[in-house]
Amino acid sequence: MARPVVAACLAVLMLASACSAAPAETGETPTLFVEMSDYKLVLDHATVTGPHVVIGIRNHAAMVHEVKVIKTDLAADQLPVDGGAAKATEDGKVGELMNIPGGASRKLVIELPPGKYVLICNVAGHYQLGMRVALEVK
């Protein structure tokens, strides 16, 4: 009788760990790097060739951050902000990578047609504090 209980507990643990796991490693080399620190995003270059883009993300901060990719012709610091939520609106969002722990590195593999994009951290207040950067895809 103990075996079914143990099996059920193991199944729950495996399911919980799968839900919180980081994205699978693709083995692809990043074509763009984003360096994150508290309230700052820095790209290693502001223009990339698309459409297949592999973004290497390094969170050098102590806190959790995220990266959202928004297709827009607006300047990086001109996205509309919802004052009540203290977040930038995400109109035009084409991809994201959430919950990047402090000290962690992740990859975001995304298809980006030519155009202008803004990468932001949209944790409440972080966009307004400077976590935004422009990207052009050619």
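For the packing notes below, I take a contact to mean heavy atoms within 4.5 Å.

**Confidence.** I am working from a predicted model, and I noted that the protein chain averages a pLDDT of 86, with 81% of the residues scoring at least 70. I then looked up residues 4-24, where the pLDDT is below 50 and where the stretch has 4 contacts in the model beyond near neighbours in sequence.

**Sheet.** I traced an open sheet of 4 strands in the order β2-β1-β4-β9, and its pairing is mixed. Because β2 (40-43) and β9 (105-111) stand at the edges with a single partner strand each, one side of each is left without a neighbour in the sheet. From one strand to the next I find a twist that averages 25°. I followed β1 (residues 32-37) along β2 and recorded antiparallel pairing over 4 bridges, and I also noted that Ser 37 stands opposite Lys 40 in β2.

**Core.** I looked up the largest nonpolar core, which has 24 residues, and the members that touch the most others are Ile 55, Ile 57, Val 69, Leu 119 and Leu 135. Among the elements that give two or more residues to this core I listed β1, β2, β4 (52-59), β5 (65-71) and β10 (115-120). I then took Leu 119 by itself: leaving aside residues up to four places away in sequence, Leu 119 touches residues including Val 34, Leu 41, Leu 43, Ile 55, Val 69, Val 133 and Leu 135, as well as Lys 68 and Arg 132.

Note on methods. Residues are numbered from 1 along each chain as its sequence is written. This is a predicted model: local features need pLDDT of at least 70, side-chain atom pairs count only at pLDDT 80 or more; totals for chains, interfaces and linings use all residues. Side-chain values use heavy atoms; hydrogens and water are left out. pLDDT is the predictor's confidence in each residue, from 0 to 100. Two strands pair if DSSP finds at least two bridges between them. Axes are lines fitted to C-alpha atoms, for helices over the stretch in contact, and angles run from 0 to 180 degrees between N-to-C directions. A nonpolar core is a set of buried Ala, Val, Leu, Ile, Met, Phe, Trp, Tyr and Cys residues joined through side-chain atoms within 4.5 Å. Buried means under 20% relative accessible area, exposed over 50%, partly exposed in between (1.4 Å probe, protein chains only).
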